[in-house]
Amino acid sequence: MITPKKSLGQNFLRDDNVARKIVQHLHLNPADIVLEIGPGSGMLTKYLVGKCRRLIGVEIDQRAVDLLRETVGEDMEILAQDIRTVNLREVGRESATPLRVVGNIPYYITSEILFWLFEHREVVQDATLMMQIEVARRLNAKPRTKEYGILSVASQFYAEPRLLFKVSPNSFFPPPEVESAVVNLVFKKTVPDCDRELFHIVVRSTFGKRRKTLRNGLKYLGIEEAKLDKLHFDLSRRPEELSVQDFVTLTQELSSWRIAVEDDRSLESKRD
Ligand code: SAM
């Protein structure tokens, strides 16, 4: 038994039924390559062993790494490092099979883990993750709801998120202060065609001014009012009213405008 460290988000699962249920929802195929985030003392791991071709665990706590090496041994390849530093393209390199990611993740870095997964989406088939219920609800929230925000737009842009089931605090030791839920995200093979860097900037800057109109949020990007007037997009709307597709359209509008400006610049330099 490892003494839980709050700083590492260690709320260990103690309910075998929940661990079994998570693994059942994975519908593992013997050819799958599974990567577990934060296996800890191995509560979920023990139900994963023997059900896939390769099992990889990424764990930051050396005490847990030592324990896993004793208990799970050769059945799991352990990377003793911070999950945020793992390059999944390297991990799955020798195989054409996309990874299945699973984990009762440390809640203090939930958003970071999600954005790290979005970055690696082309090598990930899906991710089944335990997280706090408020965050789980945000992932598949619809426009015009209070949960709808940056995480909803990003998750639904890159994946199809689905809340599988809720988990009570009593299923963990120590019990977290919040309810939890298990979510499955199936990553899309193709995402809408737009400048993704600009897409993230637009989503972040407009939701940064959530109660304000898009026009207000976009002003902070340094775009002049006169230029905004030229967009074929109703900027009197608020970010929470926009669907993911609306954000894509707005990004496409802005990037075609950017290209037009760049063209003007190159024309000007040619004239000079
Ligand atoms: N899977 C175990 C279970 O269900 O009981 C442990 C879950 S506990 C909520 C989160 C685990 O993630 C802990 O083992 C913790 O040490 C590990 N962890 C925390 N931060 C991490 C990080 N940045 N990278 C990798 N593992 C991390």
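Me: Leaving aside its neighbours within four places in sequence, which residues is His27 in contact with?

Reply: Keep in mind that this is a predicted model. Once the neighbours within four places are set aside, His27 is in contact with Asp32 and Arg100.

Me: Where does His27 sit, and is it buried or exposed?

Reply: His27 lies in the loop that links α1 (16-26) to β2 (33-37). The cut-off for exposed is over 50% relative accessible area, and His27 has 66%, so it is exposed. As for distance, His27 and Glu253 are 226 residues apart in sequence, and their C-alpha atoms are 41 Å apart in space.

Me: What should I look for in the backbone?

Reply: Start with the general idea: most residues other than glycine have a negative phi, and most peptide bonds are trans. Now the case here: His27 is not a glycine, yet its phi is positive, about 45 degrees. Arg144 is another non-glycine residue with a positive phi, in its case about 65 degrees.

Me: Where is Arg144 found, and is it buried or exposed?

Reply: You'll find Arg144 in the loop between α6 (133-139) and α7 (150-158). Its relative accessibility is 62%, so Arg144 counts as exposed.

Me: And the peptide bonds: which form does the one from Phe173 to Pro174 take?

Reply: That bond, from Phe173 to Pro174, is cis, with omega near -10 degrees. Pro174 itself belongs to the loop between β8 (172-173) and β9 (180-187).

Me: On to helix packing. At what angle do α5 and α7 pack, and how far apart are their axes?

Reply: Helix α5 (residues 110-119) packs with α7 at about 25 degrees, and the two axes are 10 Å apart. Angles under 35 degrees count as roughly parallel, so α5 is roughly parallel to α7. The crossing of α5 past α7 is left-handed.

Me: Which residues meet there?

Reply: From α5 come Ser111, Leu114, Phe115 and Phe118, and they meet Ile150, Leu151, Ala154, Ser155 and Tyr158 in α7. Sorted by class, this contact of α5 with α7 has seven nonpolar residues, two polar ones and no charged ones.

How values were computed. Residues numbered from 1 in each chain as written. Predicted model: local features only at pLDDT ≥ 70, side-chain atom pairs only at ≥ 80, totals over all residues. Heavy atoms only, no water. Helix = DSSP H or I, 4+ residues; strand = E, 2+ residues; numbered from the N terminus. Buried < 20%, exposed > 50% of the residue type's maximum accessible area, 1.4 Å probe, protein only. Contact = heavy atoms within 4.5 Å. Axes fitted to C-alpha atoms, helices over the stretch in contact; angles between N-to-C directions. Parallel < 35°, antiparallel > 145°, perpendicular 65-115°, else oblique. Left-handed = near helix turned anticlockwise from the far one by under 90°. Nonpolar A, V, L, I, M, F, W, Y, C, P; charged D, E, K, R; others polar.
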